[in-house]
Amino acid sequence: MCESDVSDPPTASPTPSAPPAAPGSAGTPPSPHATSTTERGSFCLARCVCGWSGPARRSRDLARTDAAAHALNP
Ligand SMILES: [Zn+2]
């Protein structure tokens, strides 16, 4: 009797979700050289995850300087 006019809804393609979040990390750039200082006896030397190690220093400040210099210029 009554024809049910089932009109197909327009096939709306699913809109892509939110775009990939851009890494807007403002600040210090990620340095692949994570340095740290380690004490060896009465000396202190800088070490890096890349395997680099600075000369033994009597001052931890100098070791940190070595580490910073290496992080800048590996
Ligand atoms: Zn390194």
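A: Buried means under 20% relative accessible area, exposed means over 50%, and partly exposed is in between. Please keep in mind that this is a predicted model.

Q: So what does Ser 36 count as, buried, exposed or partly exposed?
A: Ser 36 has a relative accessibility of 43%, and therefore it counts as partly exposed.

Q: And where is Ser 36 placed?
A: Ser 36 is in strand β1, which covers residues 35-40.

Q: Which residues does Ser 36 touch, leaving out those up to four places away in sequence?
A: On that count, Ser 36 touches Leu 45, Ala 46 and Arg 47.

Q: How do β1 and β2 run, parallel or antiparallel?
A: They run antiparallel and are joined by six bridges, and Thr 37 stands opposite Ala 46 in β2. The two strands form a hairpin with two residues between them, and Gly 41 in the turn has a positive phi of about 65°.

Q: Changing topic, which protein donors does the zinc ion have?
A: The donors are His 33 through ND1, Cys 48 through SG, Cys 50 through SG and His 70 through NE2, and they lie 1.8 to 2.3 Å from the zinc ion. Of these, Cys 48 in strand β2 (residues 43-48) and His 70 in helix α1 (residues 60-72) are 22 residues apart, so this pair links distant parts of the chain.

Q: Are Cys 48 and His 70 buried or exposed?
A: Cys 48 is buried, and His 70 is buried as well.

Q: Why is the arrangement around the zinc ion called tetrahedral?
A: The four donor atoms subtend angles of 102 to 114° around the zinc ion, and that makes the arrangement tetrahedral.

Definitions and conventions:
Residues numbered from 1 in each chain as written. Predicted model: local features only at pLDDT ≥ 70, side-chain atom pairs only at ≥ 80, totals over all residues. Heavy atoms only, no water. Donors = N, O, S within 2.8 Å, 3.2 Å for Na, K, Ca; no water. Tetrahedral: all angles 85-135°; square planar, octahedral: opposite > 155°, others 65-115°. Helix = DSSP H or I, 4+ residues; strand = E, 2+ residues; numbered from the N terminus. Buried < 20%, exposed > 50% of the residue type's maximum accessible area, 1.4 Å probe, protein only. Contact = heavy atoms within 4.5 Å. Pairing = 2+ DSSP bridges.
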